[in-house]
Amino acid sequence: MSKPMKAAKRAEKQRKLAERRARKMERKQQCPPTVTETLPPPAVLSDDALPAMANDYLFHPEKLNALCEWREEVRPLGLTNSGVTCYMNSALQALLSVPMMAQHLQQGTHSAVCSTEGWCAYCYLETLARAVVTTPKQAKSRSARPVQPKELIRNLESVNKFFSPFDQQDSHEFLLCLLDKLNEAFLKAAGLQAKELSDAKVHTTPVDQMFGGWGRQAIECPSCGYQSTTRTFFLDLSVPVDGHRRLEDGLATITAKEQLSGWTCDGCKATVDPHRRFTVDVAPQHLIVTLQVFDPINECKYRRQTTFPEALDLGPFTTQRTKTMYDLQAVVRHAGHSQHHGHYYAQTRVGAGWVEMDDECGTDVKLKDVVAHRSRDTDSAYILMYKRREFRVEPTDAPESTVACWQGPPTDATQPDGRGLVWMMKGEQRVKRLDPPRPRVWVR
Ligand SMILES: [Zn+2]
Ligand SMILES: [Zn+2]
């Protein structure tokens, strides 16, 4: 290769790196605000302590909870690849495999009130969900064709201004940008602005209720026991995999105590070396885990594969340390050597079985193949979606209109005021819970 060609190649590489860095910076700036407050030790927060989770919703939670299971048997149609769009297809296929998300979109509650001129991500996804998520009979019919997400590709810059229809992008980045856009479109259609709403309330959009959780950073003074707590909203947990064999080991790393130095305690005013610890304060309805499989320094992938369970207990990583069970719903895999090359595809739960969605092709797969190591070591699970195991209403005790899976740890099992409902936690324990609180604001 001649010198000028080498120089041009180097310049191109540097330009791409700078672009990537700029994108990362932009995403960081777009991160939701944090709620900072100081709590006396040893306060333990519960779901009810969060105003966002208690009684102030932008979208009625019952309307979502009623959709936590498929209403009829489904079979997704494939999505065509326009050359480099497997990152987008796999993220969409994982997202639309979540019954609550797909059925919420299919209901068209957003487009019924949206007056956006031009392209709207929410309106488009509603159309896409209706086209992609079909019944097995429709999927088998001769007229069934893979869906072309052309409109989304044409409007890719609306999702992320750095995305180009001609370049491979990161599936996780696309997914989070898309969820951001859905939130933006929801608020716009409701005539609301994020900055006018409290940090808690702004996270009660349908998307944030479905996928959002609250984390807690606590710094405890070793000398007086004073705790400083910061609560942060999250849409996914990014888990390191290098050196970890199991997902749970990665989760243990992000929730482990971290040594700080030179911190001035607000309680005793001394300068101390405290511990900081992150825990999941409010576990999300659907947990998105991103495995950090890409090595940013060497621009390659970590070779060691990480295992992940079908049934995950998030309990050890929560503030309350109560059993919080999840079932695997979807996996986005990446086959190849680096983030911006290779191929993405999804494996999703469909009813009792699993299907591998590789762009337009859907093939049945066995669960054991989904959670097993792939023979090629460049094929790694990248995004995992877990669905929180539901609380089931016992039909004899509960009124028909009751929500099907109101989430939350069964901490208030002995509410004596008679308003409680009897819930059955799948095969585990019987708990009594209050009716979910009524929202003050409904967006229909
Ligand atoms: Zn819209
Ligand atoms: Zn102190």
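# Notebook: a first look around the chain

Two residues are in contact here if their C-beta atoms, placed from the backbone, lie within 7 Å.

A note on what I'm looking at: this is a predicted model, local features need pLDDT of at least 70, side-chain atom pairs count only at pLDDT 80 or more, and totals for chains, interfaces and linings use all residues. Residues are numbered from 1 along each chain as its sequence is written, while chains are lettered from A and ligands numbered from 1 in the order in which they are written.

**Overall counts**

I looked up the secondary structure and got 13 helices and 22 strands in the chain. These are DSSP runs numbered from the N terminus, with helices being H or I of at least four residues and strands E of at least two. Next came burial: 39% of the 444 residues count as buried. Buried means that 20 or more other C-beta atoms lie within 10 Å of a residue's own; exposed means 12 or fewer, and partly exposed is in between.

**The core**

How many residues are in the largest nonpolar core? I read off 83, and Ala91, Leu182 and Leu384 have the most contacts inside it. Helix α10 gives the largest share of this core, 10 residues. A core of this kind is a set of buried Ala, Val, Leu, Ile, Met, Phe, Trp, Tyr and Cys residues joined through C-beta atoms within 7 Å.

I followed Leu182 next. Leaving aside neighbours within four places in sequence, Leu182 is in contact with Ala121, Tyr122, Leu125 and Val207.

Val207 got its own check, and I found it in helix α11. It counts as buried because it has 22 C-beta neighbours inside 10 Å. Again leaving aside neighbours within four places in sequence, Val207 is in contact with Leu179, Leu182 and Asn183. I also checked Val207 against Phe59: they are 148 residues apart along the chain, and their C-alpha atoms are separated by 9.8 Å.

Is α4 enclosed or open? I found that 10 of its 10 residues are buried, so α4 is largely enclosed by the rest of the structure. Cys86, Ala91 and Leu95 are among those buried residues.

Helix α5 (residues 99-107) is mostly covered too, with seven of its nine residues buried. The buried ones are Pro99, Met100, Met101, Ala102, Gln103, His104 and Leu105. They pack against α3 (61-65), α4 (86-95), α6, β3 (133-134) and α11 (206-211). Just after α5, I noted that Gly108 takes a positive phi of about 70°.

I then looked at how α5 meets α6. Their axes come within 8 Å and cross at roughly 110°. Axes are lines fitted to C-alpha atoms, for helices over the stretch in contact, and angles run from 0 to 180 degrees between N-to-C directions. The two helices are therefore roughly perpendicular to each other. For the naming, under 35 degrees is roughly parallel, over 145 roughly antiparallel, 65 to 115 roughly perpendicular, and the rest oblique. From α5, Ala102, Leu105 and Gln106 meet Leu125, Glu126, Ala129 and Arg130 in α6.

Helix α6 (residues 121-132) also comes within 8 Å of α10 (residues 171-189), axis to axis, and they cross at roughly 110°. In α6, Ala121, Tyr122 and Leu125 meet Leu178, Lys181, Leu182, Ala185 and Phe186 in α10. I sorted this contact by class and got seven nonpolar, no polar and one charged residues. Ala, Val, Leu, Ile, Met, Phe, Trp, Tyr, Cys and Pro count as nonpolar, Asp, Glu, Lys and Arg as charged, and the others, Gly among them, as polar.

**Strands**

Strands pair if DSSP finds at least two bridges between them. I traced β4 (residues 213-220), which runs antiparallel to β5 (residues 227-234) with eight bridges joining them. Trp214 stands opposite Phe233 in β5. That hairpin has six residues between the strands, and Gly225 takes a positive phi near 85° in it. Seven bridges also join β4 to β10 (residues 275-282), again antiparallel. There, Glu220 has His275 as its bridge partner in β10.

Further along, I looked at β17 (residues 353-358) and β18 (residues 361-365), which pair in the antiparallel sense over five bridges. Glu356 has Thr363 in β18 as its bridge partner.

Last stop: Arg388, in strand β19 (residues 379-388). Arg388 is buried, with 22 other C-beta atoms within 10 Å. It lies 5.8 Å from His286, C-alpha to C-alpha, though they are 102 residues apart in sequence.
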